[in-house]
Amino acid sequence: MTNPSSLVTREATVPCRVNLIGEWIDFNGGAVLPMALAPSATVQLTANGTALDRIRSTSFAMSRTFAIDAPAEDHWSDYVRGALQYARRRNWIESGQDVSVDSTIPVGAGLSSSAAIIVATLKAASLGLADVDGEALAFAAKEIENTFIGVPCGIMDQMAVALGKPGTVLALDTRDCSYALLNLPETWSVVVIHSGVRRALSDGRYRVRRDQCLEAAASVGVDFLCDASLPLIEALDAPLVNRARHAISEAQRSTDAIAALRMGDRSKFGRLMNESHVSLRDDMEVSTPEIDQLVCDAVGLGADGARITGAGFGGCIVALVEPERMETWWNALKLRHPSIERIV
Ligand code: GLA
């Protein structure tokens, strides 16, 4: 017989994030500065008393049934199923679930749609459990990404979507996960623009870059690449020297950007974003010619700063613009790049 409590539907909504600065350093011991955005993922769970998970989504136009312990199969529903399997192992939920997923987050855009779906599923599954807070959800979600999904990501995205409220910025030290939530000054407008180039983290390029960073750190004898100094990495060969130069310089930029945000120094923050883009393009090698052109035009047309955001290889750029200039700036940029789409 069905347990009456299992008929209760549990629901959670989690935002996506854009990273303002501090890219490719959340596993290298650096500080990062992601901001939660309004597009979100909502997950509803209802226990169905069977050994099957039935997952449907109008946003992803799919409805499928899986054995509750089935392995990942390189499909977006893995994010839900990894979270359900995790929640069942901890007795947060029993049996199979009827799951409904509704997401307004663009996929393959570098805005953490996957972290949002995993965290939303875990959050719905753990509703009412006093000892499961946002940080616990973030750590669980990272473990699921690293093991069930197989992407060796850092902790930035999960912390950003689990702790962030749309519009607030998370200054996160990825080494000990201490953080502060900061507000954007009123005279700062953050714009997130989809380039139209889509990418997936599971295609292996993320792992290659991350392994190069770990190898560079081991070669110069530091635990975290951000701790190395420029003289120390000089003897490394390419591409390790490039990855190391990015990690060291990006960690400094990120620290400086957090200070600039606290001081309300928009033009300094913008300059740091521009430098970050150059480093991601030349040293991390995660940009594309289309995105380089978009960033160049965004700045040329009057943004204080712009850069590729997230892991890169496509996806979105983030720009910082003075609110009064916004409309003229956006119209001019759209005229030059008709296929771009403004997310916020
Ligand atoms: C992805 C990963 C993060 C981080 C960024 C790059 O979003 O999930 O952990 O490494 O790339 O900054």
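Biologist: Hi! How are H5 and H7 oriented to each other?
Modeller: This is a predicted model, and in it the axes of helix H5 (residues 205-220) and helix H7 (residues 240-263) cross at roughly 90°. Angles of 65 to 115 degrees count as roughly perpendicular, so H5 and H7 are roughly perpendicular to each other.

Biologist: And within what distance do the axes of those two helices come?
Modeller: The axes of H5 and H7 come within 9 Å.

Biologist: Which residues meet there?
Modeller: From H5, you have Arg 209, Gln 212, Cys 213, Glu 215, Ala 216 and Ser 219. Their partners in H7 are Leu 240, Arg 243 and Ala 244.

Biologist: How do the residues of that contact divide?
Modeller: The contact of H5 with H7 has 4 nonpolar, 2 polar and 3 charged residues.

Biologist: Okay, switching to the ligand. Which residues come nearest?
Modeller: There are 12 residues around the ligand, and Glu 23, Trp 24, Asp 26, Asp 157 and Tyr 206 come nearest.

Biologist: How many of the shell residues are charged?
Modeller: The shell around the ligand has 4 charged residues, along with 7 nonpolar and 1 polar.

Biologist: What about Asp 26, how far is its side chain from a ligand oxygen?
Modeller: An N or O atom in the Asp 26 side chain is 2.5 Å from an oxygen atom of the ligand. For Tyr 206, a polar side-chain atom lies 2.6 Å from a ligand oxygen, and for the side chain of Arg 17 the distance from an N or O atom to a ligand oxygen is 3.2 Å.

Biologist: How much of the ligand's accessible area does the protein cover?
Modeller: On its own the ligand has 310 Å² of accessible area, and the protein covers 98% of that.

Technical notes. Residues numbered from 1 in each chain as written. Predicted model: local features only at pLDDT ≥ 70, side-chain atom pairs only at ≥ 80, totals over all residues. Heavy atoms only, no water. Near = heavy atom within 4 Å. Polar contact = N/O pair within 3.5 Å; in protein donor to acceptor, adjacent residues only side chain to side chain. Areas by Shrake-Rupley, 256 points an atom, 1.4 Å probe, with all protein chains shown as cover. Nonpolar A, V, L, I, M, F, W, Y, C, P; charged D, E, K, R; others polar. Axes fitted to C-alpha atoms, helices over the stretch in contact; angles between N-to-C directions. Helix = DSSP H or I, 4+ residues; strand = E, 2+ residues; numbered from the N terminus. Parallel < 35°, antiparallel > 145°, perpendicular 65-115°, else oblique. Contact = heavy atoms within 4.5 Å.
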